[in-house]
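Open your viewer and switch to a cartoon view. This tour tells you what to select at each stop.

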Amino acid sequence: MTDTAAPPEDARYDAVRSRDARFDGHFFFAVVTTGIYCRPSCPAVTPKRPNVRFFPSAAAAQGAGFRACRRCRPDAVPGSAEWDVRADLVGRAMRLIGDGVIDRDGVAGLADRLGYSPRQVHRQLTQELGAGPVALARARRAHTARVLLQTTALPVTEIAFAAGFASVRQFNDTVREIYARTPSALRAEARGARTGGSAPTGVPLRLAHRGPYAAREIFDFLQRRAIAGIEEMTGAPGARRYRRTLRLPYGTGIAEVREPAAAGRRGRWLDCRLHLGDLRDLSTAVQRVRRLFDLDADPYAVAERLGTDPRLRPLTEARPGLRSPGTADGDELAVRAVLGQQVTVAAAARLAGTLVAAYGKPLAAPDGTLTHVFPEPATLAEAGLEELGMPQARRRALRALATALADGDVDLGPGVDRDATERALLALPGIGPWTAGYIRMRALGDPDVFLPGDAGVRHGLAALGAPPDAAAGWRPWRSYALHHLWNHTAKDD
């Protein structure tokens with residue numbers, strides 16, 4: 001449990017009185033006299049203590065009959081970093097719900113992926129979050145609907161189904177219940193509502209994050225690894241624009257994220273624009289971009305833990321809010337990890353660009369330098385891969401990985417058991433501890449991975465005068481310590 005996990009009720013009220021943004025997403029509070037629920041940092045006048053109720057999730061507050069505050073928009077807070085730390089049923093379920101599994105496969109599909117019965121999943125989620133899987137997915141759909149209503153001019157009927165609702169009536173009832181407004185009224189209230197549809201301009205979003213955000217470092221990280229055809233970085237540092245293609249459940253898309261200016265780094269969001277072939281993919285695309293940019297991290301808890309080591313403290317102070325980038329596509333990341341074995345970052349990116357050109361699926365129409373989506377595992381499993389000019393053993397390893405991904409023997413989805421997945425990776429030819437650990441850190445979003453055999457890590461530890469076992473005291477945030485070491489020596493994987 002992190003240091004910003006939900007505290008006792010009196011301490012929660014103190015956080016509300018001080019408008020402490022560190023707890024946004026960790027708990028919510030509602031006011032019985034107004035019928036409204038808020039995030040802890042809400043700027044409204046602090047309600048009297050007897051009138052306040054606390055909830056572990058937005059869905060629980062909505063289920064108790066409270067409406068979302070229109071000032072602080074509690075439905076749009078960063079997700080709890082706890083779900084990335086935890087490997088239990090609840091943590092895995094929350095990652096899957098965020099990825100839209102219930103909308104696509106229902107509660108039965110969620111339970112099947114978790115390996116539990118629907119009743120067990122419902123009981124565990126209700127016990128910890130005050131809401132079952134259906135209510136949690138409903139809250140997610142409502143947020144998606146609000147975004148579409150207030151950022152596009154799509155017809156309300158299209159928005160209802162794009163957000164994942166089964167009917168327009170269900171959509172109308174849910175919006176009225178959660179926001180105390182009809183969909184039309186909610187749209188009319190949005191300042192600067194767009195007058196065109198989403199197709200030409202995409203869906204503009206503000207992706208919230210918690211605390212400071214080291215934007216320069218994460219944009220540097222992505223720029224060095226950008227693969228021709230599926231990624232591009234334009235603009236000068238401090239004003240860059242990262243764009244990439246996405247393979248999504250209902251089609252393809254393009255995500256565009258802008259680097260905030262240095263003066264704005266203490267803002268609480270990244271500007272993003274999504275161009276989607278099918279708007280039903282909106283919430284899934286948002287979650288995948290959030291994972292790539294590690295927007296649900298808790299930088300306060302990370303800094304507090306890593307700062308207890310006097311050797312590491314100067315690094316955390318020099319780069320507040322340093323993130324551990326994830327990925328928008330787990331299968332893609334795994335293939336990239338194998339391509340990056342024993343070569344430089346630049347060489348790995350070139351190999352991946354060759355792979356994309358030879359086996360990637362072309363977009364219906366190029367968009368700037370973006371021309372393809374990354375090759376599917378089934379395609380690579382049957383490919384000769386001669387274009388890569390790699391040793392035969394490396395090509396065999398790549399095909400073995402692609403076959404395991406295509407057959408489902410290795411699953412890199414958001415709700416998998418990380419330990420079991422790492423074991424499955426290590427059982428494949430050509431996959432060693434570094435590669436499996438790197439995939440676990442980025443594809444599975446594990447915040448507690450350390451790569452002691454990595455050259456950059458060894459150099460970083462030596463520069464700090466830290467022994468190899470120093471990382472034991474950095475749990476559960478060793479992935480962040482690893483990135484601090486890479487940045488400290490100006491070397492990374």
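Begin with strand 10 (residues 361-367) and strand 11 (residues 370-373): 3 bridges join them, and they run antiparallel. Two strands count as paired if DSSP finds at least two bridges between them. Helices (H or I, at least four residues) and strands (E, at least two) are DSSP runs, numbered from the N terminus. Now pick Asp367; its bridge partner in strand 11 is Leu370.

A word on the model before moving on. This is a predicted model, where local features need pLDDT of at least 70, side-chain atom pairs count only at pLDDT 80 or more, and totals for chains, interfaces and linings use all residues. Residues are numbered from 1 along each chain as its sequence is written, and side-chain values use heavy atoms, leaving out hydrogens and water.

Select strand 1 (residues 28-31): 4 bridges join strand 1 to strand 3, and the two run antiparallel. Phe28 has Phe55 in strand 3 as its bridge partner. Contact here means heavy atoms within 4.5 Å.

**Zoom in on Phe29**

Phe29 is in strand 1. Is Phe29 buried or exposed? Phe29 counts as buried because its relative accessibility is 4%. Buried means under 20% relative accessible area, exposed over 50%, and partly exposed in between (1.4 Å probe, protein chains only). Leaving aside residues up to four places away in sequence, Phe29 touches several others, including Val16, Tyr37 and Phe54. Select Pro74 too: its C-alpha atom is 9.6 Å from that of Phe29, though they are 45 residues apart along the chain.

**On to helix 16**

Select residues 330-339. Helix 16 is largely enclosed by the rest of the structure, because 9 of its 10 residues are buried. Among them are Gly330, Glu332 and Leu339. Show Asp329, which caps the N-terminal end of helix 16: a side-chain oxygen lies 3.0 Å from the backbone nitrogen of Asp331.

**Zoom out**

The protein chain has 23 helices and 11 strands. Buried residues make up 57% of its 493 residues.

Conventions
A polar contact is a pair of N or O atoms within 3.5 Å; within protein, one must be able to donate a hydrogen and the other to accept it, and residues adjacent in sequence count only if both atoms are side-chain atoms.
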